[in-house]
Amino acid sequence: MSDCLFCGIVEGSIPSQTVDSDERTVSFMDINPATPGHALVVPRAHSTDLIEIDPEDLAAASVAAQRLARRMEEVLEPDGFNLLNACRPAAWQTVFHYHWHVIPRYEDDPLELPWIPRGGPEEEIAAIAAKLRSDDG
Ligand code: AMP
Ligand code: ZN
């Protein structure tokens, strides 16, 4: 079994609020959301960061991030988005499996970068995940 947290989420051995998946990627809610709806997109295949990732996985993860942002646009009606990738500790990376942060932004949200990770609210995250998964929005 892999000791990579996001490989564990991809394999299903670590629980997550998964909201989208395809052949190459899995998307799930961030447990420390920077704003309501903050989610992560990862390639199924392990790679550490932007420098290592296979270009086809990078392309697939980017397309999945756009798909997720479009879904958020319908369901959460944010005012904008930040797509963020942290590559190496000097650039705030803490989990060493490539990921896009898809962060919906709201005109009056108080987010400043880098945000300070704070756990949960678990129920709110689960409720947003259910909306993002459902077909009727
Ligand atoms: P980074 O600092 O760019 O490497 O981002 C790692 C992200 O993973 C952070 O925003 C964390 O809140 C998030 N994270 C850590 N553990 C989990 C987990 N078990 N499920 C979902 N997100 C997580
Ligand atoms: Zn991994």
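How many disulfides does a search of the whole structure find? The count is 0, and keep in mind that this is a predicted model. Here are some close-ups to go with that.

**View 1. Two cysteines without a disulfide.** A disulfide is a covalent bond between the sulfur atoms of two cysteines. The search of the whole structure turns up 0 of them. Take Cys87: it's in no disulfide, and the nearest cysteine sulfur, the one on Cys4, sits 15 Å away. So is Cys4 buried or exposed? Its relative accessibility is 12%, so Cys4 counts as buried. Cys87 counts as buried too, because its relative accessibility is 18% and the cut-off for buried is under 20%.

**View 2. The largest pocket.** Rolling a probe the size of a water molecule over the atoms shows where empty space is left. The largest pocket has a volume of about 690 Å³. It's lined by 28 residues, and the ones closest to its centre are Phe6, Asp30, Ile31, Asn32 and Leu40. Which elements give two or more residues to this lining? They are helix 1 (5-11), strand 2 (25-29) and helix 3 (122-133). Sort the lining residues by type and you get 18 nonpolar, 8 polar and 2 charged.

How values were computed. Residues are numbered from 1 along each chain as its sequence is written. Chains are lettered from A and ligands numbered from 1 in the order in which they are written. This is a predicted model: local features need pLDDT of at least 70, side-chain atom pairs count only at pLDDT 80 or more; totals for chains, interfaces and linings use all residues. Side-chain values use heavy atoms; hydrogens and water are left out. A disulfide is a pair of cysteine sulfur atoms within 2.5 Å. Buried means under 20% relative accessible area, exposed over 50%, partly exposed in between (1.4 Å probe, protein chains only). On a 1 Å grid over the protein atoms alone, a cavity is a set of points where a 1.4 Å probe fits but cannot get out, and a pocket is an open set with protein on both sides within 12 Å along at least five of seven lines; lining residues have an atom within 4 Å of a point. Grid points are joined across faces, edges and corners, and a volume is the space filled by probe spheres set on the points. Helices (H or I, at least four residues) and strands (E, at least two) are DSSP runs, numbered from the N terminus. Ala, Val, Leu, Ile, Met, Phe, Trp, Tyr, Cys and Pro count as nonpolar, Asp, Glu, Lys and Arg as charged, and the others, Gly among them, as polar.
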